[in-house]
Amino acid sequence: MLTDPIADMLTRVRNAHLALHKEVSVPRSKMKESIASILKAEGYVNDFSVEDREIKITLKYVKGKAVIAGLKRISKPGRRVYVGAQDVPSVQNGLGICILSTSRGVLEGNAAKEANAGGEILCEIW
């Protein structure tokens, strides 16, 4: 039983990148599928596939170096962090993204601003 499954997913991706693995698998949930699809859309991972009980994420490297330089969990089970639509933060001066859980689903920070939707900041990726 995991207390924070999203932090577990981010840690697995971080560790797989550090070990230069080609792919990593994480237990399946709708929230994690949404995060994986955002990572693919923003170009941080090559691909992901949803199997019966797990998500396989194919990691992306450029010249032997990981595309994802850092991952940080912002809102934790003990301390939730919420922002309004106008207060969505810029990550690494625009070089990274933040992922929010909004009333319109899981969105990337800029998409949330455009949709005028605030919510819980799940994580930052750069």
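Here is a short tour of this predicted model, stop by stop, for you to follow in your viewer.

Before you click: residues count from 1 along each chain as its sequence is written, and side-chain values use heavy atoms, leaving out hydrogens and water. Because the model is predicted, local features need pLDDT of at least 70 and side-chain atom pairs count only at pLDDT 80 or more, while totals for chains, interfaces and linings use all residues.

**Stop 1: the sheet**

Select β1, β2 and β3. Helix and strand labels follow DSSP runs, numbered from the N terminus (helices are H or I with at least four residues, strands are E with at least two). These 3 strands make an open sheet, ordered β1-β3-β2, with antiparallel pairing. Two strands count as paired if DSSP finds at least two bridges between them. Look at the edges: β1 (23-27) and β2 (45-50) each have a single partner strand, so one side of each has no neighbour in the sheet. On average, neighbouring strands here are turned by 20° against each other, direction ignored.

Now zoom in on β1 and β3 (residues 54-59), which are antiparallel and joined by 5 bridges. Pick Ser25 and you'll find its bridge partner in β3, Lys56.

**Stop 2: the helices on the sheet**

Contact here means heavy atoms within 4.5 Å.

Next, show helix α2 (residues 30-41). This helix also packs on the sheet, touching β1, β2 and β3, and its direction makes about 150° with that of β2.

**Stop 3: Lys32**

Stay in α2 and select Lys32. Leaving aside residues up to four places away in sequence, Lys32 touches Pro5, Met9, Pro27 and Ile55.

**Stop 4: two loop residues**

Go to Leu20, in the loop between α1 and β1. Leu20 isn't a glycine, yet has a positive phi of about 60°. With 55% relative accessibility, Leu20 counts as exposed (over 50%).

Finish at Asn93, in the loop between β7 (82-83) and β8 (97-102). Asn93 has a positive phi of about 55°, although not a glycine, and is exposed at 78% relative accessible area.

Key: Axes fitted to C-alpha atoms, helices over the stretch in contact; angles between N-to-C directions. Buried < 20%, exposed > 50% of the residue type's maximum accessible area, 1.4 Å probe, protein only.
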